[in-house]
Amino acid sequence: MKLLLYLVLLKTALLTLTDVFAVVLEDEEDATEGKVTETCPIKLKTNRKCEEGEDCPYQINLPPMTMQLPKEFRLLEKTLKEVQTLKEAVNKLKKCCQDGKLQADDNQERDSSNEFLLPNADTPAENSKIQDNRVKELQSKVNRMATSLKNAKNQIQTLQGRLEKMSLINMNNVEHYVDSKVANLTFVVNSLDNKCSSKCPAMQPSPVIQIMQRDCADYYTAGRRSNGIYRISPDPRNGSFEVYCDMQTHGGGWTVLQRRQDGSTNFNRTWNDYKNGFGNLSREFWLGNDKIHLLTKSQEMQLRIELEDFNGIREYAKYEHFYVANEYLKYRLSVHGYSGTAGDALHYSKRYNHDQKFFTTPDKDNDRYPSGNCGAYYSSGWWFDACLSANLNGKYYHNKYKGVRNGIFWGTWHGMSDGIPSGYRQAFKSVKIMIRPKSFVQ
Ligand SMILES: [Ca+2]
């Protein structure tokens, strides 16, 4: 009874299923092929003869069934085929890689086997050929690198050797060396000390080294107030020399570079005379270009020129900056920052300007006059242009004079440029050129 019920239920279920399919297929436009028949072909029976009362298994035989699947299933099949093809390709490549790796290993190649992966190679034969070339290329690269490494290694070894040598004179060693030397010296000094403990002349206290004054201003600052000759040392490396100091004019402390007052000294001199200086410091003199250079080099100097004519007129010219270069630079003059009453004859005009000019003497032409030597023509040593608007080293005339203007000359002096109608040229009674540090405090 129970069994019968089950069978009925199963048959109903199957029929319903078939109907569903039939409905589905009827909805499809291309469902003419393999049309399902209305009669049910399903057979239900026992698989063998069954005794009465025995529980025998039943079997169901279903007819062959065609099912229409969605289009995507075809794509799936295609995809599967493609996957298969890809799998084969991958395997092929894998084999190629392994072959390449083996080859590389044979060549003791240590580079990454990825180098041999050539996805574009069509056949294994071509692939291996290209790989061969690559291997050779890489091998030569490796050989080259090995050579470079070998060279580098040699260089490193050489440097290491040098370093080892250098370490012998490293700071510790130097310190040690100095220490040992100091110890030796200490020993020697001590032994000498013992020898000289009584009356050793070498051990007498040496006289205190007097600090040398650099110029007259230093003497003035030290309290000296009288005019006269003092020994100075503008640059200790160049020794010391005597100068005339003017301690009274305009606050004092002036180092005098040149003096004219009576014509007792001839100023028509050679390069060497002007270089070293000449004359009498107490009367008329030129201090010397080397000394003037040292003085102006050691400190920033100001310049003062004092002039007096035979009419008793006194004037002065002051320059805030004054510098004379060394002999190598032909004692080139740098002068600027004028103030005073005598006029700026050193910068008379564009044509006559003594600033930045070289020193010229009758025997050494450094002037800007191309046709001759201004020093020879005007009988003096001076920073000639081409040629002059000032020359304080000219000939000393005791009175007005005629002819070549080779006397002491200051182009901005009263009536100088106008000329004297009688044809006479004016002379100067006294000249004083002196310097003092710009920093000088009175
Ligand atoms: Ca010349």
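How many cavities of 30 Å³ or more does a search of the whole structure find? I looked, and the search finds one.

**Ground rules.** I am working with a predicted model, where local features need pLDDT of at least 70, side-chain atom pairs count only at pLDDT 80 or more, and totals for chains, interfaces and linings use all residues. I number residues from 1 along each chain as its sequence is written, and side-chain values use heavy atoms, without hydrogens and water.

I noted a volume of about 80 Å³ for the largest cavity. On a 1 Å grid over the protein atoms alone, a cavity is a set of points where a 1.4 Å probe fits but cannot get out, and lining residues have an atom within 4 Å of a point. A volume is the space filled by probe spheres set on the points, which are joined across faces, edges and corners. I found Trp-286, Phe-322, Trp-382 and Trp-383 among the residues that line this cavity. By class, its lining has 11 nonpolar, no polar and no charged residues (Ala, Val, Leu, Ile, Met, Phe, Trp, Tyr, Cys and Pro count as nonpolar, Asp, Glu, Lys and Arg as charged, the others, Gly among them, as polar).

Asp-365 counts as partly exposed because its relative accessibility is 39% (buried is under 20% relative accessible area, exposed over 50%, partly exposed in between, with a 1.4 Å probe and protein chains only). Tyr-369, at 37%, also counts as partly exposed.

Methods: On a 1 Å grid over the protein atoms alone, a cavity is a set of points where a 1.4 Å probe fits but cannot get out, and a pocket is an open set with protein on both sides within 12 Å along at least five of seven lines; lining residues have an atom within 4 Å of a point.
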